[in-house]
Amino acid sequence: MKHTRWYKDRVFYQIWPRSFCDGNGDGIGDLWGVLEKLDYLKSLGIGGIWFSPLYPSPNADCGYDIADYMDISAEYGGMEAFEKVLEEAHKRDMKVIMDLVVNHTSDEHEWFQKSRRRIDPYTDYYIWRPAPENGKLPNNWDSHFEGKAWTWDEVRQEYYLHLFAVKQPDLNMDNHFVREEVKRILDFWLSKGVDGFREDVITFISKKEGLPNDPLMPSARGIRYYNHGPHLHEYLQEFKHEVLDNYDCMTIAEAPLVSPEKALEYVDESGTNEFDMMIQFQCMCANCLFLDFIPTPFSLRRLKHAFSNWQKKLNGRAWNLLYLENHDHPRVVSRYGSERFCVKSAKMLCASYMFQQGTPFVYQGQELGMTNWYPESIDAYEDVQTLNQHTDWPEEKRLKLYHRASRDSARTPMQWSAEENAGFTTGTPWLSVNENYTEINAAEQEQDQDSVLNFYRKAIDLRKRLSVVKNGEYREYMKFSGKVYMYTRREGRKTLLVVASYTEKAVKVRPALLTGLPEEFFDAKNCVLTNNSVNANGASFTMRPYEVRVYYSGNV
Ligand code: NOJ
């Protein structure tokens, strides 16, 4: 089947279903709720939806622990609701992609239940090891969420490997029966009409033979032996040639710790092209060291380096996935912008990434400038990753870190209106609503021409109309500035310039001088998007706090 790369002309929206919109009043978001909001997404200019897992799950990790890959959770409305959403999304020319989580399953999956009882062919579906004689664990690997990576199973009387939570046992991808299952899952959804997959920690699926001890890493021990493991390409090729190539679909790899050089091994369009795009983490590490729970001060230079490095290295060879938020990180306004200048900085951040080359993803609530959540007690948190961080610290200290780093901040209910529970549900929300919903909500932003929501609409619309955003050459200026991000995109006579301030202080910029663009380029009429209320004119100007200006000259 011809691979048309339709994703290059679309902006995607990520729905984290539990918190998007509750259609039946049980306090949990569902697909009936999504159905009500499809026109909202369309009006935003969205051309595709990525659904975080919708499958039946005990929710030890909010759906990333799957108990049945070929069904839709009853909580979310079941298969009937999904088919309706799929049909209605397609009618509106919106693609739909699913989350494929095959590094691990839930321990409540039938496969695991049979595997722990040694019922064939499931006996070797997971990574089991007998208890070593020295009384230690089978190796020294850490899990990402809950202590060490091994848990003893009383039923089978062996240890199983789990790189994430205890209730997320890792599949044994070296077993060809398991790979057959993966292909069946891919085919099941694609033949139903879904348009592709975002593949969860897919670079972890092949573990080094012998599962050796990791002598070096101080934390995340073992990762060198399972990230980009020995058979990864082989397995990906198998999935591609036997299933994915039969459909004009899109695949995205979630790839922790990946560099652009490494990414090209998978996404180079003239190479193996096992994936269309990669979710890299560098743009998420401008105020932390890999993990949000290891905070550092925000560094604009680090963020710009990540942006530019990916823009340059993939240029002409592969396609970027652009994002600033998802369900795994706190809100970007609180991380890289300013809650005090919430509206301004939300818009500035939007323009910072929306005009780069690639396919932008907008995470639910990002288009409203939703911010972090500050509950008064640890009991308010639900996330397994959060609740296992620094359990030995005093509560106050833990709470402070969670306020800053927890991914629950991105998981509070979507703020639809100033009504009770932010209009998310008529019941009791499963996770409490951020208190600021009376100020930040979609209904009010619909009425306000200058809202963050309408800024996103304009930015997405512009992006779609200007070919330079898809094709233009990227160049960065003021690289060493800790306050300003400036870049151009050029294609023939068409030029687009983005100048974004990441500070509360006034900053003087001289873009004409730096870029060599003529004075006329900076005429007010060429300022096609800004969060500034004053008339934008002149080739050198002083940026206000978190101001952004987008200039464009050429044919629209
Ligand atoms: C990455 C997912 O995005 C995250 O939410 C999840 O907890 C882990 N993988 C484990 O599946």
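In which strand does glutamate 199 lie? Glutamate 199 is part of strand β7, which spans residues 196-199; strands here are DSSP runs of E with at least two residues, helices are runs of H or I with at least four residues, and both are numbered from the N terminus. The structure is a predicted model, in which local features need pLDDT of at least 70 and side-chain atom pairs count only at pLDDT 80 or more, while totals for chains, interfaces and linings use all residues. Residues are numbered from 1 along each chain as its sequence is written, and side-chain values use heavy atoms, with hydrogens and water left out.

Buried means under 20% relative accessible area, exposed means over 50%, and partly exposed covers the range in between, with a 1.4 Å probe and protein chains only. A salt bridge requires a side-chain nitrogen of Lys or Arg within 4 Å of a carboxyl oxygen of Asp or Glu. With neighbours within four places in sequence left aside, glutamate 199 is in contact (heavy atoms within 4.5 Å) with Leu100, Thr251, Ile252, Ala253, Glu254 and Phe275.

Elsewhere, charged pairs do meet the salt-bridge rule, and the count comes to 46 salt bridges. Aspartate 93 pairs with arginine 10, their closest N and O atoms being 3.0 Å apart. This pair links distant parts of the chain, 83 residues apart: aspartate 93 sits in the loop between α2 and β3 (95-100), and arginine 10 in the segment before β1 (12-15). The two partners can be set side by side: aspartate 93 is partly exposed at 45% relative accessible area, whereas arginine 10, at 15%, counts as buried.

A second salt bridge joins lysine 167 and aspartate 107, with 2.8 Å between the closest N and O atoms. Lysine 167 belongs to the loop between β6 (158-161) and α4, and aspartate 107 to the loop between β3 and α3 (110-115), so the pair ties together parts that are 60 residues apart in sequence. Lysine 167 is partly exposed, with a relative accessibility of 26%, and aspartate 107 is buried at 16%. Salt bridges that share partners also join Asp39, Lys84, Glu87, Glu88, Lys91 and Arg92 into one network. Within that group, glutamate 88 bridges to arginine 92 with closest N and O atoms 2.9 Å apart, and glutamate 88 is buried, at 12% relative accessible area.

Helix packing comes next. Helix α2 (residues 78-91) packs with helix α4 (residues 176-192) at an angle of about 55°, their axes being 11 Å apart. Axes are lines fitted to C-alpha atoms, for helices over the stretch in contact, and angles run from 0 to 180 degrees between N-to-C directions. The angle makes α2 oblique to α4, because angles under 35 degrees count as roughly parallel, over 145 as roughly antiparallel, 65 to 115 as roughly perpendicular and the rest as oblique. Met79, Phe82, Glu83 and Leu86 of α2 make the contact with Phe188, Trp189 and Lys192 of α4. By class, this contact has five nonpolar, no polar and two charged residues; Ala, Val, Leu, Ile, Met, Phe, Trp, Tyr, Cys and Pro count as nonpolar, Asp, Glu, Lys and Arg as charged, and the others, Gly among them, as polar.

Finally, some backbone details. Most residues other than glycine have a negative phi, and most peptide bonds are trans. Aspartate 120 and proline 121 are joined by a cis peptide bond with omega of about 5°, and proline 121 is placed in the loop between α3 and β4 (128-129). Asparagine 59, in the loop between β2 (48-51) and α2, is not a glycine but has a positive phi of about 65°. Methionine 478 likewise has a positive phi, of about 50°, and is found in the loop between β14 (473-477) and β15 (484-491).
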